[in-house]
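Here's a quick briefing on charged side chains and how they pair up. Have a look at the model first, then read on.

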Amino acid sequence: MLHLASKSPRRRALLARLGLPFGIVDVDVPEHRAPGEPAWEYVRRVAREKAGAGLLEVVAVPGALVLGADTEVVLDGEVFGKPRDDADAAAMLRRLSGRTHQVVSSVALVSAGREAQVDVVTEVTFDILGDERIAAYVASGEPRGKAGAYAIQGGAELFVSHLSGSHSGVIGLPLQQTAALLRGFGMVPQPFAADAAGTFTEQGDV
């Protein structure tokens, strides 16, 4: 049985698109970058820790397989996490304006006797954003709880002048790479064979 160790509704919706049934494991992993830790390794570590924490919750389930993932926005080696408040969100967007940044996604898949991980880096270039556009976007509330203070699947789609990499990875789960990981564990995605709205269950149901 596949389990997703994530609180993110966006990640749940993306995984559901692969057409595989899965359970939800609610984990609470601290997301704090260690001093001197490279941005890329930080993202990899958090993904592994989420998967590992999830496996501890379902270790008694026969054949349990847990997927953990992390996605962060990186500019000039700095990780842009979730904004503290609206002022922080506006400050992030001003720094991303007219620049190309990286969105680093890492996916870890673990079972009782095996683990595998894949990383995806997507280059995203923003249009030049004036103060009025930034203020209107922040006022919409969409930047709250989003890495880098934006949601590419929402209003921020209009900010993107160029993208090279995985669109779903920017949202929170690179689907092509995740599907390849699952195949390596004997799980074959069937995106056209299932109703995506009904493929996951809450933790108490698994």
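Buried here means under 20% relative accessible area, exposed means over 50%, and partly exposed is in between (1.4 Å probe, protein chains only). Keep in mind that this is a predicted model, where local features need pLDDT of at least 70, side-chain atom pairs count only at pLDDT 80 or more, and totals for chains, interfaces and linings use all residues. Residues are numbered from 1 along each chain as its sequence is written, and side-chain values use heavy atoms, with hydrogens and water left out.

**Salt bridges**
- The structure holds 13 salt bridges, each being a side-chain nitrogen of Lys or Arg within 4 Å of a carboxyl oxygen of Asp or Glu.
- One of them pairs D28 with K7 at 3.9 Å, N to O.
- D28 sits in the loop between β2 (22-25) and α2 (39-58) and K7 in the loop between β1 (2-5) and α1 (9-16), so this pair ties together parts 21 residues apart in sequence. Helices (H or I, at least four residues) and strands (E, at least two) are DSSP runs, numbered from the N terminus.
- Both D28 and K7 are exposed.

- R48 and E41 form a salt bridge, with the closest N and O atoms 2.9 Å apart.
- R48 is partly exposed because its relative accessibility is 28%; E41, at 32%, also counts as partly exposed.

**The buried aspartate**
- D70 belongs to strand β3 (residues 65-75).
- With 2% relative accessibility, D70 counts as buried.
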